[in-house]
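Colleague: I would like to learn how to read a model like this one. Take me through it feature by feature.

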Amino acid sequence: MADTPEPTSALPFFRTQFGLDERSLATVLETAFERPIDHADLFFEYTTQDSVSLEEGIVKSGSRHLEQGVGVRAQVGERQGYAYSDEITVERLRLAASTARAIAEGTARQRAVAVGGQGAPVHNLYPLAQAPTEVAVAKKVALLDAVDVYARRIDPRITQVMASLVAQHRQLLIVASDGTLVGDVQPLVRLNVQIIATDAAGQKREIGYQGMGGRYELEQLLDPEAWKPLVDEAARLALLNLDAQPCPAGTMDVVLGPGWPGILLHEAIGHGLEGDFNRKGTSAFSGRMGERVAAPGVTVVDDGTLPNRRGSLNVDDEGTPTQRTVLIEDGVLVGYLQDRLNARLMGMKPTGNGRRESYAHLPMPRMTNTFMLAGNDDPEDILRSVEHGIYAVSLGGGQVDITSGKFVFSVNEAYRIEQGRLGSPLKGATLIGNGPDVLQRVSRIGHDLELDRGVGVCGKDGQSVPVGVGLPTIRVDGLTVGGTEG
Amino acid sequence: MTTNGADLLELALARVLAEGAASADAVLVESDVLEARVRGREIDFVKQAREQTLGIRSFVEGSKGLRCAITSSSDLRAETVARIAEECVALARAIAPDPVAGLPEDGFAREIPDLSLFAPGEHPFSVDDRIQSARQAEAAARAADVRVTNSEGSQVGSDYSRIVYATSSGFVGEYRTASHSLFSEPIVSQNGDMQRDYWLTVGRSLSSLEDPAQVGRRAAERALRRLGARRIPTCEVPVIFDPLTAPSLLGHLVQCVNGYAVYRGASFLAGRLDEAIASEQVTVIDDGRLPGGLGSKPFDAEGQPTRRNVVIERGRLASYLLDSYSARKLELKTTGNAGRSVASAPRAMPTNLWLEPGSLSLEDIIGGTPRGLLVTELIGMGFNPVTGDYSQGAVGFWIEAGEIVHPVHEVTIAGHLGDMLSSIDAIGNDLLWLGRVAAPSLRVARMTVAGD
């Protein structure tokens, strides 16, 4: 990019599209305040999402989805009233504001509302020359065709290639009763490749999946230097798994590879440190601030300010600038992830983690990019240190029970380790552990921190948001591996 | 704005045809939604809205078939509708022609039967009454035992939807649905052990829901019995799934009998029609016309009449789930299982799909199990439809000599879905509808449990 554009405010867009100005917005917030409440805010969204997908050698479908709407929220104490509408007019806004107010009505102090400012965010993490939804569809179709041709040449056992390219352009504007007026324009792109391989006898089939993306120019994905390694990797996984042996069952030492296996942190630690669960006392980590929850040397952060990352944001969905929050420092629990409501109720500061799927959803504390800082160990040494265990290189999804702390994640590429040597590839399996103690059993930390390729989707309470994770190679002493071989 | 749905669809279709599309369809979904949660004695949140979304699919003639694209919008201003109609055709022109693409040629629904998906007398409902239900469930859960110390709350949901669908070939149909739910999730603690569990009720009418206080009490009972959970040694034993966990096995089956997974070769059941794939005790039905069913609809997302399909008949794979596209790919007929979100192309989806109940109670099944694991909750995404490999985190109870001995957690269960279906050796009489897919308690003869 020749020059870096200024951070974009979405305010001019909403002003011209929907005739909104500071005065009409203040009026709406005052309607929400006709009866006394603690906080009120408006969340305007206009999102365009494009996708094209390929299977059986042809790009079979293309789609474009426009989503617009506004959510009005009123808070009193712990109570929240929320009303949303997919029509953005001052009349609908006032109606929604009265609904939200009526829902939340209570005993707090009444305030006058002043709204002003240019609305540009503090950070400028994803300046783009061109919105990904403005790139010509023919270029996207050509990319998927090229992926298909390239993939099928890798190996004759490749029998199916599925690929899709998704581009999102999300414009939002947040106006709050404390005077907040901030907008953001958030691009997001993603390329997915799934490859099915069938063995020579036509009996066994396996699938390999890879994806990449972030808040960057779609043109970057069109570069063969970017997508060829991704396709190679998906093909390698599908072919590798054709020869995979059944995975062992039981508790053993596990080495996790760098990058996406950071999903371990997301499930085992991250969710349990979200402010809502801790304010309510429903997390296995509740009341454990200042305690040792991980081995010495383990430092875990959540950082929404990494340029161009999938999990990054200039501002969260409540208008708070994102930041780097240390969750665990040298093994000790030091931080929670907060939105405004839970920060206020816990007497803490918001951390820029108030996120929502869309205008149709209430914000909640959510992660951004969550990762463990690098240690000093050589990854090869870590593998050599294991007598009997597995090396988990590539993972699928995970899940956690916040209250009991039990979490799972599934492994897509793994190898047996015997006497420090890598053995045969293993079939996928679920690994299970206990969040509050798994990181206490981290015995080695590699110097090879990697962030994932930009594919994470986090689900909570029915809402999905894009996130990132990262991890150096680590050794965990004693995780339960859910294979089939006793 | 109350739109006359059919008029709006006609406008959109006319515009798409005027732009040069050979054929098209369009769908409009309007919903009124309410969600509210009570936690302790306080309202946590109340959320209300009216939503509407229009989706347009156009087919443009190509050299070797039709080119297909979809556009959708929640902005229904006339100029936006015109714009997304134009964009839909422009987008289709950039897509490859597909010899199999297109609307169904015939077989459209001629009548729209009343499937009791909507109780007119209950609409509009009182928001306060619904919040009151959540309060009753929450109070009952909290009062059930002194060890109930906290909760994630009790939540109600109600939505009313109107679905209008039209094709350029002249089909127009619409229907209304309602759905109501109540969910309670208490937290119990004792000696530093903290556990949660839930119970819920879901129905097409308010009057079909379980008593709120009973929902709260059952949720509390389920959480209480988890206190003192421990791990067990790694073993191979029979595994019993209860009516809350057994449907997930059918959910995995659905992924594998989906026509799209079958023609792509992305299912371990591809090419196995008419083969024995499950134990003879297993019969699985999909029926889109169950009165009041949570997956019922008079016509599918392509205007085809819904119907009853036998998916597995006494262990034999009798039918895949198909829409018209996947049916043409497999040289079969659609099974009336097209489903779609407004923003996506139709896909094959289950309507109401269930495993036929047997005659045993869950207690009978446990009583007939010398040593095994009863599973009451599963976590994770450890199923691979391409290979059938299965591995999930599990919570439940250890069984010795036909009796529950203690609660279990932090273990996994693993096997292969094909082997699991083939070794189902006991089926319960306790079918419970909490969604579109339901199954009674059932026992799989042998699985690997990984623990200590």
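Colleague: Start with a strand pair. Which residue of β14(B) stands opposite D286(B)?

Modeller: L353(B) is the residue opposite D286(B). Keep in mind that this is a predicted model. The two strands concerned are β9 (residues 284-287) and β14 (residues 353-355) of chain B, joined by three bridges. They run antiparallel.

Colleague: What is the strand order of the open sheet in chain B?

Modeller: The order is β11-β10-β9-β14-β19. That makes five strands, with mixed pairing.

Colleague: Why is one side of β11 and of β19 in chain B left without a neighbour in the sheet?

Modeller: Both stand at the edges, β11 at 316-317 and β19 at 437-438. Each has a single partner strand, so one side stays without a neighbour in the sheet.

Colleague: Now helices. How do I describe a packed pair?

Modeller: Two packed helices are described by the angle between their axes and the distance between the axes. Here, take α1 (residues 5-18) and α2 (residues 78-93) of chain B: the angle is about 40° and the axes are 9 Å apart. Angles under 35 degrees would count as roughly parallel, and 65 to 115 as roughly perpendicular. α1(B) and α2(B) are therefore oblique to each other. The crossing of α1(B) past α2(B) is right-handed.

Colleague: Which residues of α1(B) and α2(B) meet?

Modeller: From α1(B), they are L8(B), L11(B), A12(B), R15(B) and V16(B). From α2(B), they are V81(B), A82(B), A85(B), C88(B) and V89(B). By class, this contact has nine nonpolar residues, one charged and no polar.

Colleague: On to the interface. How many residues does each chain give to the contact?

Modeller: Chain A gives 65 residues and chain B gives 62. On the chain A side, strand β2 (residues 58-76) supplies the largest share, twelve residues. The chain A side divides into 31 polar, 20 nonpolar and 14 charged residues.

Colleague: Does β2(A) run parallel or antiparallel to β3(B)?

Modeller: Parallel. Five bridges join β2(A) to β3(B), which covers residues 65-73. In that pairing, G62(A) stands opposite A69(B).

Colleague: Last, a single residue. Is P224(A) buried or exposed?

Modeller: Count the C-beta neighbours inside 10 Å. P224(A) has 12, so this residue counts as exposed. The cut-off for exposed is 12 or fewer. P224(A) belongs to helix α6 (residues 224-242) of chain A.

How values were computed. Residues numbered from 1 in each chain as written. Chains lettered and ligands numbered in written order. Predicted model: local features only at pLDDT ≥ 70, side-chain atom pairs only at ≥ 80, totals over all residues. Helix = DSSP H or I, 4+ residues; strand = E, 2+ residues; numbered from the N terminus. Buried ≥ 20, exposed ≤ 12 C-beta atoms within 10 Å, placed from the backbone. Axes fitted to C-alpha atoms, helices over the stretch in contact; angles between N-to-C directions. Parallel < 35°, antiparallel > 145°, perpendicular 65-115°, else oblique. Left-handed = near helix turned anticlockwise from the far one by under 90°. Contact = placed C-beta atoms within 7 Å. Nonpolar A, V, L, I, M, F, W, Y, C, P; charged D, E, K, R; others polar. Pairing = 2+ DSSP bridges.
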